[in-house]
Amino acid sequence: MAAVSWKPFVYGGLASITAEFGTFPIDLTKTRLQVQGQTLDLRYKEIKYRGMLHALLRICKEEGLRALYSGISPALLRQASYGTIKIGTYQSLKRLFVSCPEDEALLVNVGCGILAGVVSSSIANPTDVLKIRMQAQSGLCQGSMIGNFINIYQQEGTRGLWRGVSLTAQRAAIVVGVELPIYDVTKKYLILSGLMGDTVYTHFLSSFTCGLAGALASNPVDVVRTRKMNQSVALGSQVDYKGTLDGLVQIWKTEGFFALYKGFWPNWLRLGPWNIIFFITYEQLRKLPI
C-alpha cells in the first residue's frame with residue numbers, strides 16, 4: 001500500500017481551475033437553457049433561448065461579453081476545493097487497493113470515483129449554489145460573489161448554501177464514478193494494447209470518451225440539481241422539488257421526457273473540452289520533475 005501523496009491534490013486543483021476557465025461560457029449557456037421553460041417557477045417560464053449557439057449570441061447582444069463569465073469567481077473557487085479534493089481523494093483511494101496502475105480493476109475504480117465525488121461535492125456545495133445563482137441572473141442585475149453569498153445567507157440561512165446538496169452529491173457520484181474510471185480504463189487499454197503510447201493523443205481520446213459518457217449519465221440529475229439550486233425561497237417556504245426522484249418525475253410529467261436532457265449539447269460540449277483540458281493539463285503536471 002503506497003503512502004498518500006500531495007501531488008494528485010495540487011495537480012488536480014490546478015488542472016480543474018484551468019479547465020473551468022476555458023469552458024465556462026458553455027457552462028453558463030447550459031444553466032440558462034436548463035432553468036428556462038419551467039411551469040413551477042414563473043420567473044423562468046419564458047423560453048428565451050433556442051439552443052446553445054442562440055443563447056451565446058443573445059447573451060452577448062443583450063448583456064455583453066462579460067456576462068458569459070457571470071459566476072466565474074465562485075466557479076473557480078469551487079474547482080479549487082472540489083477539483084482538489086475529488087482528484088486527490090480518487091487517486092489516494094486507488095493506491096490503498098493497488099500500488100501499480102496496471103493492476104487497477106474497473107469496479108474498484110468506480111467505487112473510488114463515487115466516494116470521491118460525494119465527499120468533494122458535498123464540501124464545495126456553497127460555491128456551486130453561488131455559481132448557479134449568478135449564472136441564472138442577467139448580467140445587468142448581478143451582484144458580486146460576496147454580495148450574493150451574504151444575500152443567500154440572510155434570506156435562506158445556512159441551509160440555503162447547501163441547497164440541493166443531495167442532488168449535487170448524486171450527480172457527482174454519477175459523473176466522477178463514470179468519467180474517471182472510463183478515462184483510466186480507456187487509457188490503460190490504448191497503452192497496453194500497443195495502439196498508442198502514453199502521449200497527449202492518448203490523453204485526448206480517453207478524455208473525450210469519458211466526457212461523453214459522463215454527460216449521458218448525469219444530464220437528467222443535472223437538470224433537477226440546477227433548478228433546485230436556483231430556487232431562491234425564503235426560510236419556511238415550500239420547495240418545488242422534494243428530491244431527485246420527485247424532480248425527475250415532475251419535469252417528465254409537466255415538460256416531457258426530453259426536458260430531462262435540456263442543455264445536453266452544451267453539457268457535453270463543456271464536459272468534452274473540460275475533460276480534455278483537465279486531463280492533458282493534469283498529465284503534463286504529473287511529468288514535472290518534482
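How many salt bridges does the structure hold? In this predicted model, the structure holds 19 salt bridges.

The protein contains 10 helices and zero strands. Along the sequence, the elements therefore follow one another in the pattern α-α-α-α-α-α-α-α-α-α, and the radius of gyration is 19 Å, close to the 19 Å that the globule rule gives for 290 residues, so the protein is as compact as a globular protein of that length. Along the principal axes, the C-alpha atoms fill a box of roughly 55 × 35 × 35 Å. Of the 290 residues, 50% are buried. Among contacts with a separation of 6 or more, 76% are made by residues 24 or more positions apart. The accessible surface amounts to about 13300 Å², and 68% of this area belongs to carbon and sulfur atoms.

Side chains of opposite charge can pair when their charged atoms come close.

Because Arg78 lies in helix α3 (residues 72-97) and Asp128 in helix α5 (residues 125-136), the pair ties together parts that are 50 residues apart in sequence. Arg78 counts as buried at 7% relative accessibility, and Asp128 is buried with a relative accessible area of 0%.

In a further salt bridge, the side chains of Arg171 and Asp222 meet at 2.8 Å, N to O. Here too distant parts of the chain are linked, as Arg171 is in helix α7 (residues 165-192) and Asp222 in helix α8, 51 residues apart. Arg171 is buried at 8% relative accessibility, and Asp222 is buried at 0%. Salt bridges that share partners join Asp27, Lys30, Arg78, Asp128, Lys131, Arg171, Asp222 and Arg225 into one network.

Ser207 is located in helix α8 (residues 200-230) and is buried, with a relative accessible area of 0%. Beyond its neighbours within four places in sequence, Ser207 is in contact with Tyr183, Asn275, Ile276 and Phe279. Ser122, in helix α4 (residues 106-123), counts as partly exposed at 24% relative accessibility. A polar atom of the Ser122 side chain lies 2.7 Å from the backbone oxygen of Val118. When neighbours within four places in sequence are left aside, the contacts of Ser122 are with Trp162, Val165 and Ala169. The C-alpha atoms of Ser122 and Gly164 are separated by 9.7 Å, although these residues are 42 residues apart along the chain.

With a relative accessibility of 44%, Leu14 counts as partly exposed.

How values were computed
Residues are numbered from 1 along each chain as its sequence is written. This is a predicted model: local features need pLDDT of at least 70, side-chain atom pairs count only at pLDDT 80 or more; totals for chains, interfaces and linings use all residues. Side-chain values use heavy atoms; hydrogens and water are left out. Buried means under 20% relative accessible area, exposed over 50%, partly exposed in between (1.4 Å probe, protein chains only). Helices (H or I, at least four residues) and strands (E, at least two) are DSSP runs, numbered from the N terminus. The radius of gyration is taken over C-alpha atoms; the globule rule is 2.2 Å times the number of residues to the power 0.38. Contact means heavy atoms within 4.5 Å. Accessible areas come from the Shrake-Rupley method with a 1.4 Å probe; for residues, only the protein chains shown count as cover. A polar contact is a pair of N or O atoms within 3.5 Å; within protein, one must be able to donate a hydrogen and the other to accept it, and residues adjacent in sequence count only if both atoms are side-chain atoms. A salt bridge is a side-chain nitrogen of Lys or Arg within 4 Å of a carboxyl oxygen of Asp or Glu.
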